[in-house]
Protein chains: 2
Amino acid sequence: MAAKDPLVLTGKDEMRKWSRLMRSHGKTIALVPTMGYLHQGHLSLIQEAHKHAQLIVVSIYVNPGQFSPSEDLSTYPSDFHGDMLKLKSVPGGVDVVFCPKNLYDYSNDSGDKQKNKNGNESLGGGGSVSCVEEKGNGHETWVRVERLEKGLCGKSRPVFFRGVATIVTKLFHIVEPDVAVFGKKDYQQWRIIQRMVRDLDFAIEIVGSEVMRDNDGLALSSRNVHLSAEEREKALSISKSLLKAKSGAKDGQVKCRELKDLAILTITQAGGRIDYAEIVDQESLEAVEEINSPVVFCIAAWFGKVRLIDNMEINI
Amino acid sequence: MAAKDPLVLTGKDEMRKWSRLMRSHGKTIALVPTMGYLHQGHLSLIQEAHKHAQLIVVSIYVNPGQFSPSEDLSTYPSDFHGDMLKLKSVPGGVDVVFCPKNLYDYSNDSGDKQKNKNGNESLGGGGSVSCVEEKGNGHETWVRVERLEKGLCGKSRPVFFRGVATIVTKLFHIVEPDVAVFGKKDYQQWRIIQRMVRDLDFAIEIVGSEVMRDNDGLALSSRNVHLSAEEREKALSISKSLLKAKSGAKDGQVKCRELKDLAILTITQAGGRIDYAEIVDQESLEAVEEINSPVVFCIAAWFGKVRLIDNMEINI
């Protein structure tokens, strides 16, 4: 397939202007939000996006608002040059790459007449700042999906989904897409964004795209790059456990306590440290005791310094 | 001026469709959000809106999400017929009156494939339900402007600004205006919406419109209708106190403690019960001790069963 050079935009205003121009020409736009360091999982989101809209915007932005100070913002991998090469080669191509510098710095906003008098926003290019400063005239507005954000990853990452919902809201307002595509690998995130879109009446269709796996079964993630060969081998215990639980459930083993215990044992014995292993309702994300409706088995576990998440829907 | 019959729309989809059609014709749209029971204050917002856009949408919706269970949702005054007569006669007219039934009921949303399985949303037509139910698959997404919402009215009305920011977000997504006009009578609300629009990158200009007063000085409010003649007379102590403080400040009396004490004394002696009397920075809404930059004196006080708010900017 012929390579296509995406337009690279960094400013909010120019991004929105492009979207509005395209819309005025009757074009539909899909947004694929990413934090960069793209892999085949991201590219599959773009291919999914092509099924739903005529033009594709990929955003690349490592969002400080979703990292707590103790988390890995400063070591989050990035490779803009590599990302661009991948985006150029993706079937159907990408029309715009939106890579803003700092979406929490309002001092240069054209529409903003309020100067940042206190000068408290220090997110700039500093890789060591890990969350948004909450004082002075800096950013202070947060979107929360209050029930769905509580469980699973929300327990160990208290500001994570607040940060995700807020940055997605901002990107939606800047890009003004008709459709946005999210990976079901981040299952809770996908459900939270769906709920947010419903509750806040966004005129945007949310598409969930299936989990992409390497040949060995490991769910694709930008964080996999931090795994040693040995850790990676151990980490396969996650997807193996999920598959085993799914086939167990299909064979009538529907008691969640047993399915979870087996997965926890398998992962722990492989050398992983469990954050959570929960079988929950696909919509409410509330834990179930027995599988008799559509559920999803969600696991988060540490291998060395890397926290991985994975999940599998079980529809019986 | 010739009367103009506004188009009355109740559905989200038809509202958004109208806005998009008008925008495709190159028209600009201003939204004036109201809870109905319109008075001259609202009409002045519409006249302000005419300065900023070609078409005017007035929304009429008593938002349950901003009332706590103990507040006056069930007695909030309404008069749709009277409102329509006023809107027809306002200079320049109104193009659309958007009066949705229940903006927290998603069971009939065209885009929503998730049935409300638990049936927990009971906001319907029932005037006695005073806030949004927080369980099941009901509404659970809230926008919070975390610093500005804390003080002044936020202290005694803990869910108020969360409800306001959320419903305004919803209305912005449904109406998709270029401009929205808010009254500076609700000063904290106006600042919160400004901040929210900046922080969430809404492409909407927020215009603040000056406080409207009756000839006797009382700030116009839908709640004034609940005042007896005697209470109304006593309530004039608020605007009188604000005026006195303003002229005092202009004469060099810049110590806030003294200005506030005098106002509190005046209102209390008139029979009012103070909720708060604060002199705050116009942007951060943080209390100041001495007036040496633009401030606003904000007062909330009860007269009988009616809670009134008023404020005055002091620019010295």
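Is B:E176 buried or exposed, and at what relative accessibility? At 18% relative accessibility, B:E176 counts as buried, where buried means under 20% relative accessible area, exposed over 50% and partly exposed in between, with a 1.4 Å probe and protein chains only.

The structure is a predicted model, in which local features need pLDDT of at least 70 and side-chain atom pairs count only at pLDDT 80 or more, while totals for chains, interfaces and linings use all residues. Residues are numbered from 1 along each chain as its sequence is written, chains are lettered from A and ligands numbered from 1 in the order in which they are written, and side-chain values use heavy atoms, with hydrogens and water left out.

1. Positive phi angles in chain B. B:E176 has a positive phi of about 50 degrees although it is not a glycine. Its place is in the loop between α5 (160-175) and β6 of chain B; helices (H or I, at least four residues) and strands (E, at least two) are DSSP runs, numbered from the N terminus. B:L152 lies in the loop between β5 (141-145) and α4 (153-156) of chain B and is buried, with a relative accessible area of 7%.

2. Helices α7 and α8 of chain B. Helix α7 (residues 229-250) and helix α8 (residues 256-269) of chain B pack at an angle of about 155 degrees, with their axes 9 Å apart. Axes are lines fitted to C-alpha atoms, for helices over the stretch in contact, and angles run from 0 to 180 degrees between N-to-C directions. That angle makes α7(B) roughly antiparallel to α8(B); angles under 35 degrees count as roughly parallel, over 145 as roughly antiparallel, 65 to 115 as roughly perpendicular and the rest as oblique. The crossing of α7(B) and α8(B) is right-handed, a crossing being left-handed if the near helix is turned anticlockwise from the far one by less than a right angle, and right-handed if clockwise. On the α7(B) side, B:S237, B:I238, B:S241, B:K244 and B:A245 meet B:L259, B:L262, B:A263, B:T266 and B:I267 of α8(B), contact meaning heavy atoms within 4.5 Å. The residues of this contact of α7(B) with α8(B) divide into six nonpolar, three polar and one charged. Here Ala, Val, Leu, Ile, Met, Phe, Trp, Tyr, Cys and Pro count as nonpolar, Asp, Glu, Lys and Arg as charged, and the others, Gly among them, as polar.

3. Helices α7 and α8 of chain A. The axes of α7(A) and α8(A) come within 9 Å and cross at roughly 155 degrees. These helices, α7(A) and α8(A), are therefore roughly antiparallel to each other. The residues that meet include A:S237 and A:I238 in α7(A) and A:L259 and A:L262 in α8(A). In the loop between α7 (229-250) and α8 (256-269) of chain A lies A:Q253, which is partly exposed, with a relative accessible area of 35%. Leaving aside its neighbours within four places in sequence, A:Q253 is in contact with A:G248 and A:L259.

4. Helices α1 and α5 of chain A. Helix α1 (residues 12-24) and helix α5 (residues 160-175) of chain A pack at an angle of about 55 degrees, with their axes 7 Å apart. That angle makes α1(A) oblique to α5(A). The contact is made by A:K12, A:M15, A:R16 and A:S19 of α1(A) and A:H173, A:I174 and A:V175 of α5(A). By class, the contact of α1(A) with α5(A) has three nonpolar, two polar and two charged residues.

5. Buried positions in chain B. Helix α2 (residues 40-50) of chain B is mostly covered, with eight of its eleven residues buried. Among the buried residues of α2(B) are B:G41, B:H42 and B:L43. What covers the buried residues of α2(B) includes β2 (29-34), β3 (55-60) and α3 (80-89) of chain B. In helix α1 (residues 12-24) of chain B is B:M22, which counts as buried at 17% relative accessibility. Not counting residues up to four places away in sequence, B:M22 touches B:K27, B:I29 and B:L55.

6. Cysteines. A search of the whole structure finds zero disulfides over all chains, a disulfide being a pair of cysteine sulfur atoms within 2.5 Å. The sulfur of A:C153 is 7.9 Å from the closest cysteine sulfur, in A:C298, too far for a bond. A:C153 counts as buried at 5% relative accessibility, and A:C99 counts as buried at 15%.
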